[in-house]
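Okay, thanks for coming, everyone.

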Amino acid sequence: MRKQNQEKFRWNRKHLLGLKDLSRQEIEFILDTAGGFEQISTRSIKKAPTLRGKVVVNLFFEDSTRTRNSFTLAANRLSADVVEFTKKSSSVSKGETLIDTARNLEAMGIDIVVIRHNAGGAAKLLSRHIDACVINAGDGFDEHPTQALLDVYTIRQARQTLEGLKIGIVGDIAHSRVARSNIWAMTKLGAEVILVGPPTLMPAQVSRLPVRVSYSLDAVLEELDVINMLRIQFERLGSNPFPSVREYSHFFGLTVDRMKRAKCDLTVMHPGPINRGLEIESQVADGPNSVILRQVANGLAVRMAVLFLVNQGAAEQAKKKA
Amino acid sequence: MAEKILIRNGRLIDPANKVDRKTDLLIVGEKVAKVGAVDVECDRVIDARGRIVAPGLIDLHVHFREPGDEEEETIASGSAAAVAGGFTSVVCMPNTNPPIDEATGVEFIHRMGRQARKTFIYVMGAITKNRQGVELAEMGLMAEAGAIGFTDDGAGVQNAAVMLCALKYAAMLDCVVAQHAQDDSLGRSGVMNSGYNSTVLGLPGIDPLAEEMMLWRDVQLVKKTHVRYHAQHISTAGSVKIIREAKEMGLPVTCEATPHHLLLTDDAIAEYDTNYKVNPPLRTQADTQALRQAVKEGLVDALATDHAPHLQSEKELEFLAAPFGIASLECALGLYVEALIAPGVLDWPGLLALMTYRPAAVIGVKKGTLAEGDRADITIIDPDAEYVIDADKFVSKSRNCPYHGRRVKGRVEKTFVAGELRFSADR
């Protein structure tokens, strides 16, 4: 089935900006491609020549350790050259603009830009102004497509399919790009998504998204097959959406106690980095239901697939133009 | 000898005087000398067959960026854009850099306007010093220098006591106090309407309540003071309701609506196009409908562009970082036609009323009429001319216009200010 999917489908996108506009087939194609790359990590020589001679720029305007390292490693494994560009928050109207920064890099001859930015839409903006491929590594509260791809990849690995699964996403939905990309990817692949958190951390008109919403974790816990615990991002919280960390943990923390009431095969996920004892207790994060480290490992394969595919998409588009 | 210009065979619409008929109009010098059949020798005859001859249009809300941001617009370039859009009078907002918060600033704007010799320029001064919402600016001295009203536009006066004080003080000056109603505690960090689209785009929203709460508060303050109050660029269905109630109570409350709030919704922002980033933000279809309904009911006193020019390079920033504003002075008429005449909300006399004598009444000036003896501020319009808006041809310095490429109907052909032809489309 998956094999067939690959054969009749041709990937032709040169950017990966988000998952909202991707079809189910495209998402599955990325996951299948990632499956092929997964074995490279298990070989003694962990390298393929796929992107030899290509230059990948990690253009990071926000702190990130795991996503940036994961992209760097993924690019290295595909034999690309990687340029690291880190600049603390760019949102200033004076000084060099995002577009000028990117055009300058492009003038040096680059092929793929991986961008992380604090403003929603930054990746889209970039893609309109440069020729290189653009991969969104997280923009504001908009999307974080590779995170969601590795999440669904991990779920598929653990549960074979997302079809019919009930997946809870718990925490700060309002300020989470991970949640948005997750919603698009998971629902397209046939899962039911239940957003869980206090009303103050739900975005405006959340009911118009293709999801269910619950303000009580306990009310939905027993029906969940998968739970994705979002990190509380204190730096993004505006006017105290909850009274205290203690109160938040009390209502929304994934505790050993709560695990006893959940399905015994509940798949526990977290995009990291974990606030141990806040949204998730250590015994749960490190316990048998947790796939948190699998997520990290799978991130590598997914990002290799995305780098490979956008490069191929660019080649396809160049061919069409010629 | 004063120049005699005859405008022949036009459809003369003078809404204030309930005139709508085919007739001639004679300009002598700065004034309208005669309306009706004219039998004198003229220096110049303009055939206005099939055209509307209207009182010069008035825009209560423009930003000409001078002093401080002359790279975006100057009083000269903005004035040229105004007459190209048919506007013979505009009201400049005080949020320049530095802001217009004292008499010398008011005098400067007037002087630059006279030098530009295009449109007539009125000035609103700031309500508070440096537009900070804390201490009253020298409203009296600004009024003496010619300011016709006050606003901290760009932001609302947050503190109710300060606003109450401003309203009371304005009573002595007989000036209108205008407000950009927006409660910062609900709206400050937002960049677009708060709703489904902001959720999907992951952008911080501005709740409609931010506008409505301040507007409601101000109406209570007007109830107490009975001072003329003007709600600038109202954008929500809730605001319409508050205005309706205020008018039913007989309060001296007026309001304006912009082309973008009548035409566009936040659906337009799907691709993070910063040309749609404007404050107050584009709302939903229910809101545009409510605004049109308000126009139909006569609740809206004036149409105003909120012409807000910005550099291309600034609008090419991230949506979060790009400045708010739409430049629309030169294409406004066609947009109003699309929003209000095409769907049958208004007819031409109704539309022109909201662009002539009614805005004049808001700022308390005697303008926007075409009776004999009136100043000859006249706009000649071809109501049937269709054209495609081309922002690259704007005489404004800026191009931040989301209507670029839009086909509209209704074109300004000639603009006279004080009897002088200041704009002609065929030139």
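**Helices, domains and chains**

So, helix 1 of chain B passes helix 2 of chain B in a right-handed crossing. Before I go on, please keep in mind that this is a predicted model.

Let's stay with that pair for a moment. Helix 1 covers residues 75-84 of chain B and helix 2 covers residues 103-116 of chain B, and they pack at an angle of about 60°, with 9 Å between their axes. Helix 1 of chain B and helix 2 of chain B are therefore oblique to each other. Who makes the contact? From helix 1 of chain B you have B:Ile75, B:Ala76 and B:Ser79, and from helix 2 of chain B you have B:Ile109, B:Met112, B:Gly113 and B:Ala116. Sort the residues of that contact by class and you get five nonpolar, two polar and no charged.

Now zoom out to the domains of chain B. Domain 1 of chain B is made of 4-53, 374-385 and 407-424, while domain 2 of chain B is 55-362. Their centres, taken over C-alpha atoms, are 29 Å apart. Where they touch, domain 1 of chain B puts in 20 residues and domain 2 of chain B puts in 24. Which strand gives the most to the domain 1 side? That's strand 17 of chain B, with seven residues. Strands 1, 16 and 18 of chain B are also among the elements giving two or more. This side of domain 1 of chain B has eleven nonpolar, three polar and six charged residues.

Over to chain A. Here domain 1 is 2-142 plus 297-314, and domain 2 is 145-295. For these two domains of chain A, 25 Å separate the centres, again over C-alpha atoms. In the contact, 23 residues of domain 1 of chain A meet 23 residues of domain 2 of chain A. Helix 2, strand 4 and helix 12 of chain A each supply at least two residues of the domain 1 side, and helix 12 of chain A has the largest share, six residues.

Last stop: where the chains meet. Chain B gives 20 residues to this contact and chain A gives 24. On the chain B side, helix 6 (196-201) and helix 11 (312-315) of chain B are the elements with two or more residues. Helix 6 of chain B gives the most, with four. By class, the chain B side splits into eight nonpolar, eight polar and four charged.

Okay, that's my tour.

Key:
Residues numbered from 1 in each chain as written. Chains lettered and ligands numbered in written order. Predicted model: local features only at pLDDT ≥ 70, side-chain atom pairs only at ≥ 80, totals over all residues. Axes fitted to C-alpha atoms, helices over the stretch in contact; angles between N-to-C directions. Parallel < 35°, antiparallel > 145°, perpendicular 65-115°, else oblique. Left-handed = near helix turned anticlockwise from the far one by under 90°. Contact = placed C-beta atoms within 7 Å. Nonpolar A, V, L, I, M, F, W, Y, C, P; charged D, E, K, R; others polar. Domains from an automatic or database assignment.
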